[in-house]
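Please keep the sequence and the structure in view while reading.

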Amino acid sequence: MTAFEDQLHAALAEKDAASMRRCLRAVPDGALDLASNDYLGLARHPEVIEAACAAVREFGAGARASRLVSGHTTLHARLESELAAYKKCEAALVFPSGYHANLAVVSSLARRGDVLFCDKRNHASLIDACRLASANGAIVRYYSSPERLRELLKIYAAKRRNERFFIVSDTVFSMDGDGADLPQLTQIAAQFDAVQILDDAHGMGTTRDEGGGMRDEEAPAAQGPMASSSDYSASYSSFIPHLLPRGHPALILVGTLSKALGAQGGFVAGSRVVIDWLINAARPFIYTTGLAPASCGAAFKALEIVRREPQRCVRLHEVTEKLANGLRELGFEARLQSSPIIPVIIGDAQAAVGLSAALCERGVWCPAIRPPTVPVGSSRLRVTASAALSHEEIAFALAAFSEARKAVRL
């Protein structure tokens, strides 16, 4: 090996010793997957698969070029129109991934001197997007609560000239499963004339009132404490655009096609002028091949199913509650949050890896989440619920957790 490769080998050895080394592993055949983001069970839905196949037959396996060259199809346009309607926005733009979407929207909108207020727990794509914007002259400040955000905004508002303020946040934090206080963020944004950029990757499709075309009075009655939790429902109602305070400057929504919709890709939804600007200025959009037709077709059909079958969301809530309560009864620190994400906090990275391996031996797939993805001392198993899980599969999973806990002597 070269000296350079020797250095990399030594660094990997250090990760090994600390139980921090990652490797690629396929989900074993027949294993029960408790780590997937396929919240509504649509990734293997026959109609979604057929829609993807039909799109390939009509438009080909790939988009063949960037959207501004020859990679744009009528299918892209139909999907973007449907996403805009779903989010009650004027327009939408799809990207090959949610990561692309976040890089595009933040880096192309923030200019030199603008201030980005970014939640510390945001997904890596939002953090990286803010870093990219800072390289172009934007100022980035991180906050950990609405109270801290307000304090920072007051400091910068006192010396504000022509700077624009952006509040950047996930709606649901991917590793903890809890939601941002969106009503407060919206209130703060209106007070300080700030643009909100909200990434709803883990919220889209999993709540009854998040702007998907179904009013609360039309939705079936949900069961259990999650369904009736006031912060669960209130946290989402504020980011439906027509509920924003009059005069609010802008709300830009980022979403994914890769989680609840079971497809692949990301999107940005907002006003027509914001989307037109992204088409003209967002390098991650301009200089990449368009979203594959199969993903467009699959996502379009999945949106139809989400609207047609609201009972999937109700079932998702039931599964989440049963899994979280069952894990707590077994003695795990399992948090029931306002999302299908159930963090099972272990603490030590090696112990988390050991528990994950013991589960795999028992037919349950749930990899350990370790630093730097989560803070040191908070390694965990990130259990995710799916509407597709049966009562028997839930019982099987809980039995595996019970046996694995004993096997590793947690």
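In which hand, left or right, does H4 pass H13 in their crossing? The crossing of H4 with H13 is left-handed, as found in what is a predicted model. The protein chain as a whole holds 16 helices and 13 strands, and buried residues account for 53% of its 410 residues.

**The H4 and H13 pair**

- Helix H4, which spans residues 74-86, packs against helix H13, which spans residues 293-308, at an angle of about 30°, and the two axes lie 9 Å apart.
- On the H4 side the contact is made by Leu75, His76, Arg78, Leu79, Glu82, Leu83, Ala85 and Tyr86, while H13 contributes Pro293, Cys296, Gly297, Ala299, Phe300, Leu303, Val306 and Arg307.

**The seven-stranded sheet**

- Seven strands make up an open sheet with mixed pairing, and their order across the sheet is S2-S8-S7-S6-S5-S3-S4.
- Strand S2 (91-95) and strand S4 (139-143) are the edge strands, and because each has a single partner strand, one side of each is left without a neighbour in the sheet.
- From one strand to the next, the twist averages 20°.
- Within the sheet, strand S3 (residues 115-119) and strand S5 (residues 165-170) run parallel and are joined by four bridges; Val115 has Phe165 in S5 as its bridge partner.

**Helices packed on the sheet**

- Helix H4 also packs on the sheet, where it touches S2 and strand S8 (266-270), and the direction of H4 makes about 125° with that of S2.
- Helix H8 (residues 182-191) packs on the sheet as well, touching S4, S5 and strand S6 (194-199), with a direction that makes about 155° with that of S6.

**Cysteines**

- The structure holds zero disulfides.
- Cys296, one of the H13 residues in the contact with H4, has a relative accessible area of 0% and is therefore buried.
- Cys23, by contrast, counts as exposed, because its relative accessibility is 60%.

**Contacts along the chain**

- Of the contacts in the protein chain with a separation of 6 or more, 76% are between residues 24 or more positions apart.

Technical notes
Residues are numbered from 1 along each chain as its sequence is written. This is a predicted model: local features need pLDDT of at least 70, side-chain atom pairs count only at pLDDT 80 or more; totals for chains, interfaces and linings use all residues. Side-chain values use heavy atoms; hydrogens and water are left out. Axes are lines fitted to C-alpha atoms, for helices over the stretch in contact, and angles run from 0 to 180 degrees between N-to-C directions. Helices (H or I, at least four residues) and strands (E, at least two) are DSSP runs, numbered from the N terminus. A crossing is left-handed if the near helix is turned anticlockwise from the far one by less than a right angle, and right-handed if clockwise. Contact means heavy atoms within 4.5 Å. Two strands pair if DSSP finds at least two bridges between them. A disulfide is a pair of cysteine sulfur atoms within 2.5 Å. Buried means under 20% relative accessible area, exposed over 50%, partly exposed in between (1.4 Å probe, protein chains only).
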